[in-house]
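Student: I would like a close look at one helix pairing in this protein. Please take a single packing contact and describe it in context.

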Amino acid sequence: MHDPMTAERTLPVAATALTATIAVYITLVAFGNVTDFGTNQDFVRHVLAMDTTFQDRDLMWRAVTDATLQNAAYVTIIVWETLAALVLLAATGLWVRGLRHGGAGQGFGPARRATTLGLLMLMLLFGLGFVAIGGEWFAMWQSTKWNGLQAATRMFTLSGIVLLLIHLPSPQWRAERAG
């Protein structure tokens with residue numbers, strides 16, 4: 001049996017743990033949005049309607065008040081979260097498989113690619129979707145009640161840190177390219 005924390009395995013073990021952590025988190029977020037649909041539906045509805053912003057006439061033309069469009073946006077968010085969760089859960093399985101085989105065979109390449117895809121999906125959702133579009137276009141930063149910028153920034157940052165970690169130079173990654 002391999003010691004999981006030898007110097008050359010420390011990075012893959014960390015990547016596995018962090019990928020699993022984010023996979024569980026976004027799975028719980030998606031699950032919560034499906035099972036408690038109304039709570040975050042209200043959040044999306046108020047952000048898009050801009051009804052708790054400063055009500056500046058120069059910005060209010062951006063508001064989306066049509067319930068069908070608001071619901072479509074919310075369902076799109078849930079579907080995206082669910083897809084990202086599935087990708088990251090699969091990536092976690094690939095990391096575990098790579099650890100069990102000591103990085104032999106395909107190595108950690110499939111796990112790194114899947115994790116990269118899942119993390120980029122989350123960075124697009126939270127960075128582009130919530131920070132840029134929600135925060136700036138729909139002026140979410142102006143709302144004291146319906147402001148998800150801190151949570152979105154936290155998730156964007158955490159995803160970015162893990163993305164950087166799995167792309168750090170490592171003997172494990174170099175062995176993949178040579179094989």
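Tutor: The model is a predicted one. The pair in question is helix H1, residues 10-35, and helix H6, residues 149-166. Their axes lie 10 Å apart and meet at an angle of about 155°. Because angles over 145 degrees count as roughly antiparallel, H1 is roughly antiparallel to H6. The crossing of H1 and H6 is left-handed. On the H1 side, the contact is formed by Leu 11, Ala 14, Ala 15, Leu 18, Thr 19, Ile 22 and Tyr 25. H6 contributes Met 155, Leu 158, Ser 159, Val 162, Leu 165 and Ile 166. Sorted by class, the residues in this contact are 11 nonpolar and 2 polar, with no charged ones.

Apart from neighbours within four places in sequence, Ala 85 is in contact with Ile 26 and Thr 27. Between Ala 85 and Leu 28, 57 residues apart in sequence, the C-alpha to C-alpha distance is 8.8 Å.

As for the whole, the protein has 7 helices and 0 strands. Of its 179 residues, 42% are buried. Among contacts with a separation of 6 or more, 75% involve residues 24 or more positions apart. The C-alpha atoms fill a box of roughly 65 × 30 × 25 Å along the principal axes. The accessible surface is about 9,900 Å², and carbon and sulfur atoms account for 67% of that surface.

Definitions and conventions:
Residues numbered from 1 in each chain as written. Predicted model: local features only at pLDDT ≥ 70, side-chain atom pairs only at ≥ 80, totals over all residues. Heavy atoms only, no water. Contact = heavy atoms within 4.5 Å. Axes fitted to C-alpha atoms, helices over the stretch in contact; angles between N-to-C directions. Helix = DSSP H or I, 4+ residues; strand = E, 2+ residues; numbered from the N terminus. Parallel < 35°, antiparallel > 145°, perpendicular 65-115°, else oblique. Left-handed = near helix turned anticlockwise from the far one by under 90°. Nonpolar A, V, L, I, M, F, W, Y, C, P; charged D, E, K, R; others polar. Buried < 20%, exposed > 50% of the residue type's maximum accessible area, 1.4 Å probe, protein only. Areas by Shrake-Rupley, 256 points an atom, 1.4 Å probe, with all protein chains shown as cover.
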